[in-house]
Amino acid sequence: MEILIISGLSGGGKSKAASFLEDIGFYIVDNMPAAMILKFAEFCASGGGRYAKVALVYDVRTADSFTELFGVMEKLRAMDCQCRMLFLDASQDTIIKRYKETRRRHPLRDSTDSLEEAVARERVLMEPVKKLADVVLDTTPLSTGKLRQALLDHFGSGEEKGGMSVNVASFGFKYGLPLEADLVFDVRFMPNPFYIENLRHHTGLDKPVADYVFGFQQTQDFLDRLKDLLAFTLPLYAEEGKTSLFIAVGCTGGHHRSVAVAHALTEFIHGLGYQVLETHRDIERAV
């Protein structure tokens with residue numbers, strides 16, 4: 001079982017980091033007191049693998065005793081847990097700017113005379129935790145995408161390229177565009193197998209139809225250019241923090257050309273190392 005303690009300064013990016021870690025399979029619990037962590041770990045261990053990766057947010061709101069937290073981490077490691085701590089830091093000016101933008105109240109604001117003093121006091125209080133951390137990330141210069149990539153580098157399983165999943169779907173234009181599509185490619189310019197009697201009642205997943213569609217040079221040229229485009233843009237989408245990308249390929253009815261091209265694109269994207277899902281929205285509709 002893997003247990004990650006997410007700590008750091010208020011405004012350092014803990015909530016955003018927790019949401020990214022949730023995307024890559026961590027079960028997230030916010031505001032977990034140190035006294036409860038061991039019991040919770042025992043509960044997770046008995047979950048039959050359901051809670052194999054857990055991330056617990058621990059910050060100044062629950063930091064009654066750092067000594068207790070440090071002792072709990074030692075006990076977790078003795079239980080054969082992979083226990084690590086992530087500490088999210090940021091500059092004084094950056095944290096103050098973030099608080100002013102969100103208009104949230106700093107947890108130490110009531111016991112200090114100003115936001116600046118609250119941030120400075122928290123930095124001193126959290127210094128022992130920072131020293132204990134296995135990974136310290138300064139989020140001051142990090143965009144959302146770069147923070148996400150840094151978390152993937154440190155805590156990802158490596159199963160997903162850039163942590164982004166891709167859905168490639170075929171559809172028929174006469175039934176409407178998929179509303180969730182990020183990218184739409186129209187393949188109605190390709191020769192249509194619908195007009196070939198012995199192909200009409202097959203789909204683009206059947207070899208005779210695929211051979212027909214890709215038997216034309218224009219189809220090959222289009223696919224080559226589309227592969228170049230996706231090989232260039234997919235890493236950029238992932239770098240900017242996109243967690244999923246929906247690519248829609250459309251023909252008239254969603255049976256032949258779009259299905260064959262979507263299937264070929266799925267194989268190509270999978271070969272690039274991305275987690276990819278292939279769907280065919282209109283393939284079951286009557287021809």
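Visitor: Before we start, what is a nonpolar core?
Guide: A nonpolar core is a set of buried Ala, Val, Leu, Ile, Met, Phe, Trp, Tyr and Cys residues joined through side-chain atoms within 4.5 Å. Bear in mind that this model is predicted.

Visitor: Fine. How many residues has the largest nonpolar core?
Guide: The largest nonpolar core has 33 residues. Ile5, Ile37, Leu56 and Leu76 have the most contacts inside it.

Visitor: Which elements give two or more residues to this core?
Guide: Strands S1 (2–8), S3 (53–57) and S4 (82–89) do, along with helices H2 (34–45), H3 (66–78), H4 and H5. H2 gives the most to this core, with 6 residues.

Visitor: Take Ile5. What is it in contact with, leaving aside neighbours within four places in sequence?
Guide: Ile5 touches Ile37, Leu56, Tyr58, Met73, Arg84, Met85 and Leu86.

Visitor: And which residues does a second, separate core include?
Guide: Leu245, Val249, Ala264 and Phe268 are included in that second core, which has 30 residues.

Visitor: Back to S3. Is Val57 buried or exposed, and why?
Guide: Val57 sits in strand S3. Its relative accessibility is 5%, so Val57 counts as buried; the cut-off for buried is under 20%.

Visitor: What else is in contact with Val57, leaving aside neighbours within four places in sequence?
Guide: Its contacts are Ile6, Lys14, Ala18, Ile28, Val29, Asp30, Asn31 and Met32.

Visitor: Asn31, then. What is its phi?
Guide: Asn31 has a positive phi of about 60°, although it is not a glycine. Asn31 is in the loop between strand S2 (27–29) and H2. With a relative accessible area of 34%, Asn31 is partly exposed.

Visitor: Where does Arg103 lie?
Guide: Arg103 is in the loop between H4 and H5. Phi of Arg103 is also positive, near 60°, and this residue is other than glycine. Arg103 is exposed, at a relative accessible area of 76%.

Visitor: Now the helices either side of that loop. At what angle do H4 and H5 pack?
Guide: H4 (residues 92–102) and H5 (residues 115–132) pack at about 125°, and their axes are 10 Å apart. That angle makes H4 oblique to H5. The crossing is right-handed.

Visitor: Which residues meet there?
Guide: From H4, Gln92, Ile95, Ile96 and Tyr99. From H5, Leu115, Glu116, Val119, Ala120 and Arg123. By class, this contact has 6 nonpolar, 1 polar and 2 charged residues.

Visitor: Switching to H8 and H9. How far apart are their axes?
Guide: The axes of H8 (residues 217–239) and H9 are 11 Å apart, and the packing angle is about 40°. That makes H8 oblique to H9. H8 passes H9 in a right-handed crossing.

Visitor: Which residues make the contact?
Guide: H8 supplies Leu223, Leu226, Lys227, Leu230, Ala231 and Leu234. H9 supplies Val261, Ala264, Leu265, Phe268 and Ile269. The classes come to 10 nonpolar, no polar and 1 charged.

Visitor: Last one. Where is Leu272?
Guide: Leu272 is in the loop between H9 (257–271) and strand S9 (275–280). At 26% relative accessibility, Leu272 counts as partly exposed. Its C-alpha atom is 13 Å from that of Leu229, 43 residues away along the chain.

Definitions and conventions
Residues numbered from 1 in each chain as written. Predicted model: local features only at pLDDT ≥ 70, side-chain atom pairs only at ≥ 80, totals over all residues. Heavy atoms only, no water. Axes fitted to C-alpha atoms, helices over the stretch in contact; angles between N-to-C directions. Helix = DSSP H or I, 4+ residues; strand = E, 2+ residues; numbered from the N terminus. Parallel < 35°, antiparallel > 145°, perpendicular 65-115°, else oblique. Left-handed = near helix turned anticlockwise from the far one by under 90°. Contact = heavy atoms within 4.5 Å. Nonpolar A, V, L, I, M, F, W, Y, C, P; charged D, E, K, R; others polar. Buried < 20%, exposed > 50% of the residue type's maximum accessible area, 1.4 Å probe, protein only.
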